[in-house]
Amino acid sequence: MKIHIKNGRVIDPASNTDRVQDVFVAGSKVVALGDAPGNFLANRVIDATGLVVCPGLVDISARLREPGYEYRATLVSEMSAAVAGGVTSLACPPDTDPVLDEPGLVEMLKYRAKTMNKARVFPRGALTVGLKGEHITEMAELTEAGCVAFSQADTPIVNTEVLHHALQYAATFGFPVWLQPRDAFVGRKGVAHDGEVATRLGLTPIPVTSETIALATILQLARDTGARVHIARISSGAGLNMVRDARAHGLSVTCDVSINHLHLCDTDIGYFNPHCHLMPPLRSQSDREALRQGLADGSIDVLCSDHTPVDDDGKQVPFDEAEPGATGLELLLPLTLKWGSEMGLPLAKTLSRITADAARVLGVDHGRLVVGAAADLCLFDPEAWSRVSRENLLSQGKNTPFLGLELPGKVRYTLVDGNVVFEAKPNT
Amino acid sequence: MNQQPEQFPDAEDLCRELAAMMRPHVTSDTALVGIHTGGVWLAQRLHAELGITQPLGSLDVSFHRDDFSRTGLKPGLKASSLPCDIEGAHVILVDDVLYTGRTVRAAVNELFDFGRPASVDLAVLVDRGGRELPVCARFCAHTLTQPLPASQNLQLERGEDGSLTLRLLGE
Amino acid sequence: MRNPQLNGHGELQHLLTIEGLPRDILLSILDTAAPFTEVAEREVKKIPLLRGKSVFNLFFENSTRTRTTFEIAAKRLSADVINLNINTSSTAKGESLLDTVDNLAAMHADMFVVRHASSGAPFLIAEHLARTGRDHIHVVNAGDGRHAHPTQGLLDMYTVRHYKKDFSNLVVAVVGDVLHSRVARSEIHALTTLGVPEVRVIAPKTLLPTEVERLGVRVFHDLKEGLKGVDVVMMLRLQNERMQGALLPSRQEYFKEFGLTQEKLDLAKPDAIVLHPGPMNRGVEIDSAVADGGRAVILPQVTFGIAVRMAVMSMLAGH
């Protein structure tokens with residue numbers, strides 16, 4: 001299959017490219033930019049006039065809910081949602097049922113995902129067996145089965161000695177460890193940021209210290225063990241400053257933020273909107289400003305969807321009983337563009353946070369649009385706005401605080417390995 | 001839109017007329033009970049004029065109105081106050097204007113929540129016609145020859161000096 | 001965002017929280033409640049305003065006392081009252097909150113009186129009814145989690161106004177476990193909305209929520225200091241389970257530091273009144289001598305509570 005993508009605005013953040021030119025795809029690769037290679041006879045020509053052509057998006061955290069939670073979402077639904085959102089590579093946390101703590105489960109997931117011919121899936125394995133924080137998993141075996149990193153999802157390890165040993169063991173092999181900074185006790189029954197909103201609404205609070213106490217432990221252990229640590233879902237300005245300080249003192253630690261925390265804060269809970277029940281909780285407006293700035297200045301490496309499909313039964317309950325999380329695969333691009341334009345950033349820099357930077361943090365060879373790279377591409381119309389609605393979302397999870405909002409950026413085509421895996425219906 | 005049509009006699013004159021009609025029937029057992037708001041003003045006048053010894057009562061009929069489910073509670077709800085013993089009393093209910101009879105029905109219901117009177121009579125200043133219930137005033141100072149249209153509202157008003165006037169509101 | 005408890009005409013559609021209710025509405029509830037206090041003194045303690053209406057007491061959390069006061073209020077208004085203690089029936093069988101609501105709505109409920117352990121549960125019910133085109137059914141919050149207990153707040157305001165006439169020159173202290181108290185939140189919102197110039201909260205730091213001063217209160221950690229010059233003392237109930245979770249060391253120490261005794265009450269104004277939402281823990285948050293003393297208005301609160309609930313139900317049913 002040979003595809004000629006004509007006249008698009010080609011943006012590759014990794015090589016700092018931003019110019020209107022043609023892209024030529026043959027087989028699974030990008031074979032030329034600008035002029036057609038000799039003898040190039042396209043099977044298909046895509047007119048990309050007015051569209052941005054960029055590397056396929058890399059979402060470093062999206063829950064696919066398989067195995068175990070198929071009533072919330074399935075691989076079929078969520079992989080369709082991914083490519084409809086321009087996401088060509090995604091990493092998923094191990095909090096499935098059963099937990100991804102055995103090589104067989106990882107292999108099965110990778111195999112199932114591959115047969116769908118949609119996005120690439122990179123599982124993170126469980127750091128401890130059953131995420132229980134007691135015994136470390138067979139990390140080498142799991143890596144061989146396809147895990148790209150190890151994590152506890154959002155379950156903290158209570159026993160700090162276990163965390164210490166888990167980091168030492170991972171460091172032995174150079175395996176990355178992803179940790180969400182959350183104290184096992186402080187605010188463990190909480191459902192909202194400890195501030196005026198939680199006080200008014202009478203919601204059990206989660207103080208910022210839940211994040212900072214855990215961060216202090218994680219950063220100290222990262223220093224001591226030399227483990228490659230990634231801080232997942234930073235939520236507060238205070239937490240961000242600790243990461244900044246650690247980096248300034250030479251610790252090579254990376255971190256990410258979710259699209260929800262970049263755009264929302266605790267006041268958005270309004271009258272107990274269960275879609276704003278997220279983990280970590282939406283924090284104050286000043287925290288949100290710090291995160292937006294931190295992502296712009298590079299203190300935060302990556303933006304992710306933290307895609308968490310929850311069925312209506314899980315949300316149509318009182319706020320504190322609602323399952324935390326929001327759907328996000330299809331909102332990653334629009335909400336990234338919204339942030340970038342509000343911050344006045346060039347498009348290449350904006351997109352870097354969900355392409356080149358994301359691939360770097362994930363340690364995968366994607367997120368680039370250069371000759372010779374895999375033809376994972378996203379073609380989107382930056383001027384098209386659309387409303388977030390239950391009907392428009394392909395994900396089985398319709399749970400998002402952004403329902404009803406008009407957002408910029410409409411994905412027109414998504415290519416993975418040189419195949420068109422998503423094509424928007426005309427006039428949508 | 002306020003007007004004082006000439007066919008209405010002066011409220012003060014009517015008040016005196018009403019008192020004169022009632023005087024022969026007043027005994028030491030007579031209890032006067034005014035219906036909020038105009039009826040209470042009128043009852044206060046009559047109570048003094050007739051030298052009634054039983055303390056004056058007042059009723060707010062809101063709790064027994066039959067249009068509650070359509071219009072809800074009216075603002076300015078007052079408590080009913082019946083300092084006289086209703087059980088076995090000879091009650092004269094007093095209202096300013098008699099119209100559909102629904103207020104009187106509600107007032108009788110309200111009254112019976114406080115006890116069982118020996119008899120209940122009704123005294124009004126004006127009967128404007130338009131009855132919807134089998135209600136009749138024993139004492140009535142003035143009856144309009146032509147019933148007023150429903151769009152018009154006739155009510156008693158009290159000036160700062162305590163003087164009473166009848167006022168016609170609406171088309 | 002429209003206040004979900006007001007209808008398109010700005011009238012009370014549901015009573016979910018005092019926060020955000022206009023002062024006029026609070027005052028009109030208090031004004032309306034006054035004539036209802038007199039109904040209890042009649043030969044016939046029943047008026048027909050809610051005749052033919054079905055009021056469902058939906059109690060997902062046990063509270064015999066609150067349920068009883070709502071039941072009496074509804075019955076004095078001639079409503080049919082159906083009591084459901086759900087923690088012992090359907091949710092134990094796994095029925096969801098909204099399924100329960102749908103079932104009862106299908107039985108032609110006119111009003112739900114809801115008590116729930118989760119903050120915001122009555123909002124969820126009201127939104128669900130609106131979304132499904134059944135907003136003729138009214139919801140009254142009878143206490144949700146730590147969030148609100150609006151009828152308690154209103155009856156406390158009624159009591160304060162009964163004894164003090166005017167809100168505009170009062171100093172009011174709310175004493176005790178503000179952190180876990182829906183009563184405290186409703187009282188604070190009501191007091192500030194009604195124009196009380198100084199509202200104090202007095203509690204140890206473990207029993208105060210973060211940024212409580214943003215609700216418009218002055219914070220005291222010393223009961224003696226906080227009671228000085230106070231017109232109204234609003235005591236809060238201290239639940240026994242607060243002794244767990246390291247919030248307090250013991251009932252004894254709490255009583256010594258934060259229990260209201262006559263000696264401490266003497267620091268308040270000589271005509272200060274003492275309120276308590278009940279049930280009281282004598283010897284924990286309040287000394288018996290104060291609870292039974294001349295300054296306590298705790299039993300009048302209960303009487304006024306019926307009238308306030310009758311007024312609220314009547315106002316809702318009339319819209």
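Colleague: How does C:K165 count, as buried or exposed?

Modeller: C:K165 counts as exposed, with 10 C-beta neighbours inside 10 Å; the cut-offs are 12 or fewer other C-beta atoms within 10 Å for exposed, 20 or more for buried and partly exposed in between, with C-beta atoms placed from the backbone. Keep in mind that this is a predicted model, where local features need pLDDT of at least 70 and side-chain atom pairs count only at pLDDT 80 or more, while totals for chains, interfaces and linings use all residues. Residues are numbered from 1 along each chain as its sequence is written, and chains are lettered from A and ligands numbered from 1 in the order in which they are written.

Colleague: And what is the phi of C:K165?

Modeller: Phi of C:K165 is positive, about 65°, although the residue is not a glycine, and C:K165 sits in the loop between α5 (150–164) and β5 (171–175) of chain C. Helices here are DSSP runs of H or I with at least four residues, strands are runs of E with at least two, and both are numbered from the N terminus.

Colleague: What about phi of A:N117?

Modeller: Phi of A:N117 is near 55°, again a positive value in a residue other than glycine. A:N117 lies in the loop between α2 and β8 (120–126) of chain A, and A:N117 is exposed, with 12 other C-beta atoms within 10 Å.

Colleague: Switching to prolines, which peptide bond leads from A:E66 to A:P67, cis or trans?

Modeller: The bond from A:E66 to A:P67 is cis, with omega near 0°, and A:P67 belongs to the loop between β6 (57–59) and α1 (75–84) of chain A. A cis peptide bond also joins A:D97 and A:P98, with omega about 5°, and A:P98 is in the loop between β7 (87–92) and α2 (103–115) of chain A.

Colleague: Now helix α9 of chain A: which residues are buried in α9(A)?

Modeller: The buried residues of α9(A) are A:D287, A:R288, A:A290, A:L291, A:G294 and A:L295. They lie on the same side of α9(A) because they cover an arc of only 160° around the axis, the arc being that of the directions from the helix axis to the C-beta atoms. The face turned away from that buried side carries the exposed residues A:S286, A:E289 and A:D297.

Colleague: And what covers the buried residues of α9(A)?

Modeller: The cover includes α7 (237–248), β14 (254–258), α8 (259–263) and β15 (302–304) of chain A. After α9(A) comes A:G298, whose phi is positive, near 90°.

Colleague: Last topic, the chains: which pair in contact shares the most contacts?

Modeller: Of the 2 pairs of chains in contact, chains A and C share the most contacts, where contact means that the C-beta atoms of two residues, placed from the backbone, lie within 7 Å. There, 19 residues of chain A are in contact with 23 residues of chain C, and helix α5 (residues 196–201) of chain A gives the largest share of chain A's side, 4 residues. Chains A and B do not touch, and their nearest C-alpha atoms are 28 Å apart.

Colleague: How many residues of chain C are in contact with chain B?

Modeller: 15 residues of chain C are in contact with 14 residues of chain B. On the chain C side, α1 and α11 are the elements that give two or more residues, and α1(C) gives the most, with 4 residues.
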